[in-house]
Amino acid sequence: MSALLIKNLKKVYQGGLEALKGIDLEVEKGDFFALLGPNGAGKSTTIGIISSLVTKSSGKVEILGIDIDDNHSLAKKKLGVVGQEVNFNQFEKVGDIIRNQAGYYGLSFKEARENTKFYMKKLDIWDKRNEQARKLSGGMKRRIMVAKALVNKPELLILDEPTAGVDIELRRSLWDFLTEINHSGTSIILTTHYLEEAERLCRNIAIIDNGEIVENTSMQELLTRLEVETFVFDLEEDINSLPSIADYELKIENPRKISVTIKKGQGLNEIFSLLSNSGIKIASMRNETGRLEELFLGLVEPTIKETEHGYH
Amino acid sequence: MDITEQLRALATIIRKEVHRFLRIWMQTLIPPAIMIMLYFVIFGEIIGSRIGKMGDFDYMQFMVPGLIMMSVISNSYSNVVSSFFGQKFSRSVEELLITPLPNYIILIGWVFGGVARGLMVGAIVTVVSLFFSELTVVNWPLAIFVVFLTSVLFSLGGFLNALFAESFDDISIIPTFVLQPLIYLGGVFYSITLLGEPFKTISLANPILYMVNSFRQAILGVSDLASLGISLNVAIGMILFFIALFSSIALWLLNTGKGIRS
């Protein structure tokens, strides 16, 4: 059974903007799925329709095999959503916000209290339970959003840019937490602008652009399509010139940093030994851009350029 | 959701709403008490003593049911309109929309939140009025019934206003330009029988007239209803009709997503 099944989903907003042009999407149960796309591509509209914040124009959406048109209530029971923006009353106490959310799902007072405590502890916000939410940092508010989305123990969790604007420490702790709940059986759909995040967490990916799915495959399969990859090497000592190494494109970024472009099929071991033989000692290395980022730009670059030039 | 889950969800919404207006009691519970006190001092003590009797009652006694009703109406309305629009504006209404809650539970929850504030303010105003006037209630069950129905009706009105509102201006237009004139012209401060034609007939189109006079009938045992040839049953029937109408419209709007879904 699929965690999410979307068939020929269309959305035309008032004014005629065609946000979704009949997309098809399937997310397997237990998957950690990335839904990527540039701004205005249709990601949030898709999530809005799944979570019933947006009314679809046509098409079909099933959550865990339940059609949202046939049994809207049961379908939504299985769903948790972390929205893109803070969407709770910030004048309320943190504990009340999460416990009330459990109440909206019809959980008993005891169950609501237990789930609230469990997820607040998991997300390290238990000691903030009696504080007004507005007094907390952006990162803490994000954690409240995640706890709120999980308090009914959903089988499908959708996160719309959950780590936007949060510090690295929190981002990494959220990654670990999401991985943990995914391993415990919760299917997760993630949208993010941090492609490193999607590459690290997700097994399957769809890229949406201009209201259409332009790619839908496994992360592994997508990454194997990279034709070239650029690595940055930090050096132990300054260099003034580069040795001539056939088949590799080398460039000095600064006296302590060089970049190397490696084609598909070429290995890193070879370039390491060639540089070492030339007396260049490497201190550390990293991708110039994320691997997924390069592929992503290749798939959606025309749209991004049009947007930058104001055509959209 | 089964019925137990729905009742738990309803209790959560009502508890949250009551907690909200109690948290800001300085804005929600105290101002009506002060305002009513001023009405009693100015219209009751200072001007009222020169007006003399209104029927068989002192002007102060005549005013009390109207002022209680005025507080209930305006507070029930403003509680729901400001709370629900606030949730729309801050997008925290999404908390509810993503849950399996049926729309009627959302509506009932907010309406009961408004009723809770309306009745609480009504009780405060009643206590305040005891300092200025003798209050003998002729028919308690009728008084409670009328005040409850009125509070439900204006909570529904506030909900509809919040659904349509797109800015904070939109939530003050109806209370200022529609509700307030209807209250003041609905027989709170005077008997409709004092009006000449055509104002007397025009006043019959004001639904608040029926509520104020039904409540006055329950409190004092007399009202304008009899002299206008309207029975109490008709007056209450009017309130029930508007409740049915407003709830149907509100539910239809919720089901179609008006004002809350894209």
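## Domains of chain A

Domain bounds here come from an automatic or database domain assignment. The model is predicted, so local features need pLDDT of at least 70 and side-chain atom pairs count only at pLDDT 80 or more, while totals for chains, interfaces and linings use all residues. Residues are numbered from 1 along each chain as its sequence is written, and chains are lettered from A and ligands numbered from 1 in the order in which they are written.

Chain A splits into domain 1 (2–216) and domain 2 (228–291). The C-alpha centres of these two domains of chain A are 41 Å apart.

## Helix packing in chain B

Helices (H or I, at least four residues) are DSSP runs, numbered from the N terminus. In chain B, H7 (residues 140–164) packs on H12 (residues 232–256) at about 30°, with axes 9 Å apart. Axes are lines fitted to C-alpha atoms over the stretch in contact, and angles run from 0 to 180 degrees between N-to-C directions. H7(B) and H12(B) are therefore roughly parallel (angles under 35 degrees).

Residues in contact have C-beta atoms, placed from the backbone, within 7 Å. H7(B) contributes residues including Leu153(B), Leu156(B) and Phe159(B). H12(B) contributes, among them, Phe242(B), Ile243(B) and Phe246(B). The contact has 15 nonpolar, three polar and no charged residues (Ala, Val, Leu, Ile, Met, Phe, Trp, Tyr, Cys and Pro are nonpolar; Asp, Glu, Lys and Arg charged; the others, Gly among them, polar).

## Contact between chains A and B

Chain A gives 24 residues to the contact and chain B gives 22 residues. On the chain A side, H2 (72–77) and H3 (94–104) each give two or more residues. H3(A) has the largest share, four residues. This side of chain A has eight nonpolar, 13 polar and three charged residues.

How values were computed: Angles under 35 degrees count as roughly parallel, over 145 as roughly antiparallel, 65 to 115 as roughly perpendicular and the rest as oblique. Two residues are in contact if their C-beta atoms, placed from the backbone, lie within 7 Å.
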